[in-house]
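Trainee: I have a model open and would like to learn how to read it. Could you take me through it step by step?

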Amino acid sequence: FFIRTEEWDQPSDFAKLIRFLTIGRKEDRFYFSINSLRPSTLGHGQLISKYQGNIDLNRSLTGLTFDAYTDHGGFQLFLNDITLQNQLLGALVFFKPLSVVSNALMAKSLSIGVEYAADLKAPKCLLAQDSDTCLEPGSTGTPIGRDTHGLPLAKKTTVQAAGVSIEMKVLKQGENVDLKLYGTYHQFLEDEGTGMAGGALARLTFGKSWMHALRIRAEY
């Protein structure tokens, strides 16, 4: 019997001992989770949507999600690797400017947010053998090889995006029906790529002793 050192040669390998440590639920006013199991979404999912870091058999990532909000604003934080070996992160800060002057549904729920996401070690291109230059598409050159995780060695770069979002609740019936409209706009910071979306999100909950939840989303 022996332990393969190849499985325990990176800080992230030891973090995988934490399967999940969670306080609250995703839609609660306070939600904190360190886990290697659950996918993560930031805001309406335009920059980070259902991110799952553990799709590679040779590498394990343990991420962090932290959400908190009040009647007047809040934030969401996301980090895909608590050991910082892999550096994908995101943040959303939002505020409700009319919540201090009115208790009307639309005024209380009108929310304006600012989002940011970045991959600080994004693979830009495969490296050519015996050099630090990129292999161009269609090149007949030979890749330099693979790292200790079995991933192709690549030149790294930073990819960042930021944007704004707005949402407003237009219908709420107790704890059973919740309908909101939203819109988002985002821009890549190193490029001219942009994106925008608009949609509606309905949250329907049924039952008391047994809860049944239905989420319906329409987006363009």
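Mentor: Gladly! Start with pLDDT, the predictor's confidence in each residue, from 0 to 100. This is a predicted model, so local features need pLDDT of at least 70 and side-chain atom pairs count only at 80 or more, while totals for chains, interfaces and linings use all residues. Residues are numbered from 1 along each chain as its sequence is written, and side-chain values use heavy atoms, with hydrogens and water left out.

Trainee: What is the mean pLDDT of the protein chain?

Mentor: The mean is 87, and 95% of the residues reach 70 or more. Helices (H or I, at least four residues) and strands (E, at least two) are DSSP runs, numbered from the N terminus. Confidence is lowest in helix α1 (residues 11–15), with a mean of 84, and highest in strand β5 (residues 88–95), with 96.

Trainee: How do I read accessibility, and is F32 buried or partly exposed?

Mentor: Buried means under 20% relative accessible area, exposed over 50%, and partly exposed in between (1.4 Å probe, protein chains only). F32 has 22% relative accessibility, so F32 counts as partly exposed. You will find F32 in strand β2 (residues 30–35).

Trainee: Which residues does F32 contact, beyond its neighbours within four places in sequence?

Mentor: Contact means heavy atoms within 4.5 Å. By that rule, and with those neighbours set aside, F32 touches L21, T22, I23, L64, T65 and F66.

Trainee: Which residues form a disulfide here?

Mentor: In general, a disulfide is a covalent bond between the sulfur atoms of two cysteines. The search looks for a pair of cysteine sulfur atoms within 2.5 Å, and across the whole structure one disulfide is found. C125 and C134 form it, with their sulfur atoms 1.9 Å apart.

Trainee: Why is the disulfide of C125 and C134 left-handed?

Mentor: Because the torsion about the S-S bond of C125 and C134 is about -55 degrees.

Trainee: Last one: which residues supply the lining of the second largest pocket?

Mentor: Strands β6 (111–126) and β7 (154–173) each supply at least two residues of that lining, and β6 gives the most, with three residues. The lining then divides into nine nonpolar, seven polar and seven charged residues.

How values were computed:
Ala, Val, Leu, Ile, Met, Phe, Trp, Tyr, Cys and Pro count as nonpolar, Asp, Glu, Lys and Arg as charged, and the others, Gly among them, as polar.
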